[in-house]
Every structure is written in C-alpha cells, then in structure tokens.
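Please walk through this model with its sequence and 3D view side by side.

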Amino acid sequence: MISYVHFPVLAVMGIFLGAFLEEIFGVHNKAARQGILVATTGIAFLLICALVKPVMFDGEVISYWMGDHVPVSGYAIGIGYEIDQLGLFFALLVVTTSLLSSIFSLRYMERDGMLGRFYVLFLMLCGAVLGLTLTGDIFNLFIMIEIMTFAAVALTAFRGERGFALEAAFKYLVLGSMGSSFTLAGIALLYLQCHTLNMAQLASMLHGNMTPVSVFAFGLMLTGLSVKAFIVPFHTPAADAYAAAPTCISMMFSGMVNKAGVYGVIRLVYVIFRAIDLPAMQVLLAIFGAVTMFIGVTMALAQHDFKRLLAFHSISQIGYVITAAALGTTLGLSGALFHAMNHTLFKGLLFLCAGSVLYSVGTTDLDRLGGLSKKMPQTTICFLIGAFSISGLPPFNGFASKWMVYQAIYAKAVESGNFLYALITVVAVVVSVMTLASFIKVTQAVFFGQCPVSCAGAKEVPLSMRIPMWVMSALCVITGVFYNQVEAWFLRPAVSAAFNVTHYIDVMMGEGTAAAFGISNVKAAAASFSYWDPILWLLLFVVVMAATGIVIITGARERGRILTPEGAEEDGKYATFFSGEKSLPSHVSGSDLFWGFKHDWKSYFRVMQGAHSGIINDYALWVVVGGAIITLWLTVFVR
Amino acid sequence: MGITILRLLFYVLIFPGCLFVTAIGLLLAGIDRKVLARMQRRVGPPIVQPVYDFFKLLGKETIIPHAANKTAFLAAPVVGFVSLVVLMLFIPVFSFSAFSGRADLIVVLYLLTIPGVALIVGGSASGSPYAGIGISREMVTMMAYELPLILVLLSVAKMAGGSALCFSLSDIVAWQEAHHSMIAHWQLIPAAVAMLLVIPAEVGTQPFDVAEAETEICEGPLIEYSGAPLAMFKLNTALKMFVMTALFVALFIGGIDTGIVALNALILVLLCIVLTVLCMTLIHAVTARLKIEHLFQFYWTFVTTLATVSLVLVWLGL
Amino acid sequence: MFKKMIAKSTAKSPWIYHINTGSCNGCDIELVAVLTPRYDAERFGFKLAGTPRHADIVVVSGPITSQSKERLLRTLEQVPEPKCVVTIGSCPQSGNVFKGSYSVEAPLEQYVHVDVAIAGCTPKPEAVIEGLYKAAEILGKKREAMNQ
C-alpha cells in the first residue's frame, strides 16, 4: 500500500499517461479509447477523493518533492507539489468535471471522426488543470497553463468544418498566448528578484519586501491569470470558444479552465503576494468582479444561441466569485469558493443540457427550437434544476452561495464604511434577477411552447448522457440543502488554508521558516451566518404542500374534472386559444422576449455590440489596456 | 415534544399559515374591489366576492391544452401558493414570529420571486404565444421592481444595523420597538414611498398589470388556465397582496406592539387594509395601464431615485 | 357543504366572455354600459374575462356571419363546463335586418344550445342585466346538476 502522499502526482501522471496511451491504442479501437478515457479520469477522481480525509478533515498539508530534491540550505531547487486544502478544493472540482464530462462524451462525440486525437487533447486538458491546482512551483504552474491553453485551443477548433470554430480557436489562441506571455514575464521578473520558483519560498521572501519590480511582476501575473479566468475586459475569446467547442469541452471550460484562472488569482493574491489585506487591492478586484458580472449578464440577455448565452453567464458568474474573493474576509472567500463550486455544478449541468439539445435536434439557435419538454422530459427537468440554481432560487445551491456573497459584500460595506461595496451589493442582486430573466428566455424558447417542424424528430438522449446530468442535478440540490455541511467540510478548511500562509510556507520549506522571515497570519474573523435554514424551509414547504395536496385530493370528487387531450390533434376544445382562429404552429422564440427591456436599454446594447466587434486586434488591445490598468493601479496603490 | 409539533402545525396550518393567509388575502382582495367600486361611485361586489370566485373556479372543468406540458402546467400554481404561505411564516407579526430569527431579508427577497417564477413557468408551459408575450412582460416587470426593492431593503438594514450587518427581519422589528418605527425616521420616508410603489407591481394590479393585460394579450400567462389551477393563481394574487403589505408593516411600521398576539394580528390586518387601499386601490382607480417599456423606465428612474435617496441619507448617518 | 358552496358561488360569480360576430357595435356598447357606474353589473359578480378558458357566460352579439361562424363555434368549444350561452340583440336570434343575406348564418340556435336570448335592437341595459342575471341562475343550476 503506497502512502497517500504519492496520490496527487500519480493522478496527474496517470492522466498524462492516459493521453499517451490514447494516441497509441485509441486511434482505431473504440473500446480501448473509451476504456482508457474512463479509467484514467476515474482513477484520478478516486485518487483525489482519497485525499479528502487526510487533507480536508485532518488538516494535513502534503508536500512532495519530485525526485526527492528537497531544499538545500533554505533554497528550493526541485519541483515541489504542495497540496493544501485550497488546492485540493479546486482539484476536486477538476476531477469531478473531467469524469462526468468523459462519461457524457462517450455517446455525445460518437458522430465525430478523429476521436483518438480528441481524447488525447481531452486528457491533456484534464491533466494540465489538475496539475495546476496541485503544484507548488510557479514555473510548473506556468507550464500547466500553457498545456491547458493549447489543448483548449485545439479542442475549440476540433469541429473545424464549421468556420466559426476555427475563428474562435484563433481568437482564443491569440489572447491565450498573450495571457501566458504576461504570466511568463511576471515569473521571470520574480525569478530575477528572488532566485527561486517555489511558491512557498516566494511567499516567504516577498512578504513585507515588495520592490517596484516585484509589484510590476505581480501586475503582469495578475493580468495573465485574469485572462485565463476570462474577467472583463479579457472575456472576449470565452464566448466564441464555449459556443464553438463540443459541448463536453464547453462544460470543462466553464467547470475547470476558468476555475484554473480563478484559482491562480486567489493563490497569487492571498498566498504568494499576500496583498489581499490592502484596501486598494480589494477595491481593484471588486470593481473588476462587479463589471464582469454586469457586462456578462447583459451580453447574455442579448444572445440567441443557447451555448453562447451560457458562455456569457459563465463570465458573469465568475464575476461573483472574483468580487467575493476580493473582499479578503472569511465570509467573502467562503462565498467565493462555494460559488465557484456551484458554478462548476450548475453550469456544467446547463452545458450538458445544451449538448443534449444539440445532440437530438442539431441546433442550439434559440429562434429555431421549441416545445422540447414533451420530447425530452428528463433533460427539461435537469435544465430547470440548473436554471433555478444559477438564478439563485431557494433551496438550490446557487441561492446559498449567492446569499453568502451578498452578505459578505454588504458586511464589508458596513464594516469599512465604503459606499462602493453597497453599490456592488445592489449590482449583484440585479445581475441575479437578470440571470433569471435570461434563463426564463431559454426555458420558454427551447423547452416550452410549441414544437417547430425542425424539432419534431427529437428524442430523449441515451442513458450515458443522462447519468452525468442527473448526477449534477442531484449535487445541485444536495449542496443547496446541506450547505452547512459543505461549509464545514470543504469551505472552512480551504478558506483557512488561504489565510494560513505561515503553515503553507512551513510545510514546504521546513518548520520555522515563516517565523524566520517574520511572517504572521492575518487574523480573519470566523464566518457567521445563521438566518437561512434550508432544511426548515424545505420541511415547511413539504408540510404546506401536503396540506394543500390533502385539500385538493379530498375535494377532487366534488370539483370539476381535469380533462387531458386524448386522440386527434384537431379537437377544438384542447386547442390553444388563438382568438377563435384555428391554432397555428406559432412559437414565441428567444429573440422576441423582453422587448420593453431591450427597448429601454438600446443605447447600452448598441455600445456593447460595437465593443464586441469580433476583431482580434481590438480584443488584444483590450487585454493590453486592462493589463496596463491593473499594473498601474498596483504600482500606485499597492506597496 | 408532541406539544411542540402541535404548536408548529398550528403555526403552519392556522396562524400565521395557510388558513389565516388565505382568509386575510381573500378579504383584502374583496376590500380592494369594493373600495375601488365605491371610488368609481358604484355599488360594487360584496366583500366576499373573491371567495365566490375561488369556489366557482374550483367547480369548473380544468382543460389542459394539447401544446401544454401537463406536469409543469398543473404544478406551477401549487408551488406558487406554497411558497407564499411559507414566506408568510417568516414575516414577523410585530414581536411574534413563528420561526423567529430565521427570517432574513435576502431570503425574503428571493422567496418573493418564486410565485412570479411559478406564474412564468406555468404560463410558458401552456404553450400559447399570448402566454409567451405575457411571461416576457412579467419577467421585465420583475427586473423593474427588483432594483428599487433591494435598495429599500438595504437602507432599512443599514438603519437598523448601524455599523453592524443586520439582515434579520426580527432584529429589524426589535430595533423599531426600541427606537421608533422606520416610517417615523424622515430619511426613510422616500424608501417607504418607493416600497409602496413596488407593492402594486409585485402583486400585478393596474397600472402595472401589463403581464396580464386582458384586453390586449388575453390575460397573458393565465390564458390557457381554467378551473382549479386558475383558482390557485387568483388566490396567489390575493395572497401576494397580504404578504407584501405585511412585509411593509414589518419593515416600516414595526414599532407598534401591544404584547398580545391576537391584538397584534388584528392591528396587522387593519394596517394591511389601509395599505392595500392606499397603494393598490387608489392607484388603480386613477390610472390606466402602462406600456411595458414605460413601466421599466418608471421603476428604474423614479422609484429607484427615491430608494437611492434614502439609502444615501441613511448611509451618511443624517 | 362543499358542493352547495360551489353551486352557490357559481351563480354569484359569472365571468363574461364577449364575442362579436359581425354586430353593428350597438349591442356591444350596451353590454359595456352595463358594467359602467350607472348600471354596475359588478355588484352581482359579473366581470369581463379576457379568454374563453376563464368564462362562464359567453355573450354573442351580431348576426353570425359566415366568416365568424367557424371561429365562434371553436371558441365556444374552448369554454369549460358549466357554461351558458347568451345572445344579445335580435341579430343572433333571427338575423334581424340581415336575414336572408348570403353571408349571414343566424340564428345561433341551429348550432349550439342558447340558454338566454335577450331580444331588442338594441336591448336596454336593464334588459341585458336581467338576461345575464338569469343566465347566472341557470349556471348555478347546471353546476348543481353536475353534482348529481
């Protein structure tokens, strides 16, 4: 029995080995291909889950030196893996997403060719993101980002026979490379300064010792990681890439790839530079987060493609995560991590639903779909669960995390006396309502209403595609109802790990290193929230539902009959009311909804549409300008 | 143990749960219609008219059209009703609160959206294009009033909390008992006016009933409903009247406490009647239905400004 | 008790759906006049519904033109039971001055059962109210009959 300290490395290496084996055995042999895929992602899932007990529950932080190259006289020379609770939290998201996505892809991708190559890239993407969350070495982190970006670009272009997939991949390639270059430049500057690449050692050396060069490096790295997290104004490739990639990949983009960026930002700001207690840093990130959530959701309202709409919602939800993480409070970071986790669950679920619609109808254009709830009842239920979760309706998980986020932001406002945070609270709530609006639009346009001719042949998707959807739906409900347990088991360890920098340094560099550099932890107040009790609420709901049900059932014999249509479609009594006309197939499609709202906002939408010009030069300029703003802000305010 | 469960069941089923909410909701709806008629110099229907309407609809056939999704079509009104009743359990009746300490402003804000979403899902499930237009308008209405509503809630929370975070409804009521009612503090008067304007949009009475405009889009989301589900939806509208006015009382007039639960409940009902007449009947009697873009503009400019003024005043500590 | 309550309520809460089948608008105006403050039919619980699914009483005016006949019958079918059909004015009863025209298909009685016919060209609002009130009573009886 090998010790669990080897598990993280085995998980990462296993996935990369799987990619290699796919290339050798999987190109022509379907069974081998699928077997290797599920086996590697499954093994990684099990290995990472096995770490939950020692790391999450017992509070151990695993340090692992590759080839046993331990630090020599206080300098890290080898590549080290360091698995603390924060990293493991994101690693859990990664392995869950990749396992479910691989199961979904088995049938979903069956109509495509070149599947051997596809799965090589698929596994490279999984392995890269997993390695990124587990590594303790900043150059290793960069390498993982590079593998991730190029695998993602290639996967975006996978269905390249459709022209826009190539275009999307090109955009992603250019902007992704810019992000990587920024990161690399930052890392190079840090290496010049500190002569080390180990994150724990960097943290110990940088704290309280920020030179202009290291602040500049911080700015560059923050920009680079923000590009990976698709924060506005770096979000532009995301919409195209999510829409163009095969859906199981879109799910991984929103579930893992942008989480990798979020993880990088949190790790950078909380641990390596430990700048989160500076008010200027908080304000910068909070503003970026608020702008991201607002622009994301308003752009989503204007979309009429199912997957593109989901892509803009991904951007918007990441805004919540960044804003909450920016607060630097325990409650804020708990809310951020919880929302990141929930986003992985519900957005993955929604993407899978979109993929199912694409699989059985062949289009995701909201204006050409409709009435699928009768053809695909299970997909409809899953979609509704996902939609209610992302809109934050109680008792689904989106509510619990959004409510933590609001509370955290408003508590911050009250505590710091900064009116800006009160405004951000308002923005967050309004964005939530707009999210609801745009999912109502999808519900109406895709699942309810009348069925156009093009959807007449739709069928429910096969079982292997429904299993991941049901698993995610169940998780959405469970994490929403039992959020106290989630908080105690996963969030609290992860949050305290983010604040407990001394332990992070000591585990990696030897006991007493942090004290030697004079580093102490920020005292963060314990999170307090007790006013929302989903179990009580659910219980009340059930009791009242039962009472209503009893009244309905006992009264049923005395009331009028419930008539359901049976037989011929021409039966006038059951036809939809069309002011007396014979009912025609007419369906209110996505673009026709919210007329009054769009009318009032038309000047805003005109500006936004002009800004999202689709020209790669403009987008590159945005990245440069955004990077300049971040760097300037940091050099002026963060010392 | 047995006693506790019995007491909880009493809360849920009788007071302030199902029975109380239904009775008072229907009473308010009846008073609304009667007073409206008197304002127009008509005799008007009897006050129990909504009860007649409710029972009549129970006795009608329920037709489920071809295009409808049966489950969602039938479940939506029940879900709306149940969530309204549950919401009422969390709103304190002055010092009495069935589930004390568990009511939170943000939770209330979100629970308030569930009946709207139920209406939207039900309408959408009916498959009628009129309902499609109706749900679109309902959703825009929801977006319109949500912004002022959150501003109002935040200013009340800030007033009650001072320099601490206070999102608990029972704490807000307790604060009002210790100090004065919120309405007695001049900074919050704009917020109270904004809240009074939010109530009719939430309930969906004229001039904010664009979603159910019966003369242009044939009752919007309700178009295909008949019989018992329609009765539930009509009941939900009546319940919303009560829940929203009771929320207003808890937020702004929470300082009057006699110490006797029955008397408190009576005062609450009286105040709700006054508020219903003030913010729904009166506005209904003197206005005509707005267009949806005007409704949105009205809420995001006029009402939002009122609420923002309050928030800023409270924030400055004046 | 429940049954009695429902039957009683059915008589006291009749909602009207109005269909114009080529009427000259005279009867339609009188029907609206019935709801105005002067005659105030709402005191008996009358209310205009926006869709046939909500209706109890369908009020038909006009001489049933060929174009509107099919639409009228389809709409009548969509009204849930118990329901009453009331004709208002002479046109749907006999065709009135349009009788014999190639495009008029009155009387309505040929196609559906008419519960109350209010004659006159146009009937006075008082007559309309009385007719509607009778229809409401018939409605209550129909509901009671459904109970048995």
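**Cores, chains and contacts**

The largest nonpolar core has 380 residues. The residues with the most contacts inside this core are A:Leu125, A:Val129, A:Leu130, A:Met148, A:Ile409, B:Val156 and B:Met195. Keep in mind that the model is predicted. Helix 6 of chain B, residues 129-161, gives the largest share of this core, with 21 residues. In soluble globular proteins, nonpolar side chains tend to be buried together.

Zoom in on A:Met148. Leaving out residues up to four places away in sequence, A:Met148 touches A:Leu125, A:Ala128, A:Val129, A:Leu132, A:Val257 and A:Ala260. Two of these partners, A:Leu125 and A:Val129, are also named among the residues with the most contacts inside the largest core.

Next comes helix 11 of chain A, which runs over residues 247-272. Helix 11 of chain A has 26 residues. From its first C-alpha to its last, this helix reaches 35 Å, close to the 38 Å expected at 1.5 Å a residue. Helix 11 of chain A has a kink of about 40 degrees, centred on A:Phe253. How many residues of helix 11 of chain A are buried? The count is 26 of the 26, so helix 11 of chain A is largely enclosed by the rest of the structure. A:Arg274 follows this helix and has a positive phi, near 45 degrees.

Stay in chain A for one more residue. A:Leu475 sits in helix 18 of chain A, residues 463-481. Is A:Leu475 buried or exposed? A:Leu475 has 21 C-beta neighbours inside 10 Å, and therefore counts as buried; the cut-off is 20 or more. A:Leu475 and A:Asn342 are 133 residues apart in sequence, yet their C-alpha atoms are 8.9 Å apart in space.

Now turn to chain B. Its secondary structure comes to twelve helices and one strand. Along the sequence, the pattern of chain B is α-α-α-β-α-α-α-α-α-α-α-α-α. The C-alpha atoms of chain B fill a box of roughly 55 × 55 × 40 Å along the principal axes. The radius of gyration of chain B is 19 Å, which agrees with a compact globule, because 318 residues in such a globule would give a value near 20 Å. Of the 318 residues of chain B, 69% count as buried. Take contacts in chain B between residues at least 6 apart in sequence: 82% of them join residues at least 24 apart.

Chain B also meets its partners. In the contact between chains A and B, 64 residues of chain A face 70 residues of chain B. On the chain A side, the elements that give two or more residues are helix 16 (397-416), helix 17 (419-447), helix 22 (534-555), strand 3 (562-563) and helix 23 (595-600). Helix 17 of chain A gives the largest share, 13 residues. By class, the side of chain A that touches chain B has 40 nonpolar, 17 polar and seven charged residues.

The other contact joins chains C and B. Here 18 residues of chain C are in contact with 27 residues of chain B. The largest share of the chain C side, five residues, comes from helix 1 of chain C, residues 2-12. That side divides into four nonpolar, seven polar and seven charged residues.

Conventions. Residues are numbered from 1 along each chain as its sequence is written. Chains are lettered from A and ligands numbered from 1 in the order in which they are written. This is a predicted model: local features need pLDDT of at least 70, side-chain atom pairs count only at pLDDT 80 or more; totals for chains, interfaces and linings use all residues. Two residues are in contact if their C-beta atoms, placed from the backbone, lie within 7 Å. Helices (H or I, at least four residues) and strands (E, at least two) are DSSP runs, numbered from the N terminus. Ala, Val, Leu, Ile, Met, Phe, Trp, Tyr, Cys and Pro count as nonpolar, Asp, Glu, Lys and Arg as charged, and the others, Gly among them, as polar. The radius of gyration is taken over C-alpha atoms; the globule rule is 2.2 Å times the number of residues to the power 0.38. A residue is buried if 20 or more other C-beta atoms lie within 10 Å of its own, exposed if 12 or fewer, and partly exposed in between; C-beta atoms are placed from the backbone. The expected span of a helix is 1.5 Å times one less than its number of residues. The bend at a residue is the angle between axes fitted to the seven residues ending there and the seven starting there. A nonpolar core is a set of buried Ala, Val, Leu, Ile, Met, Phe, Trp, Tyr and Cys residues joined through C-beta atoms within 7 Å.
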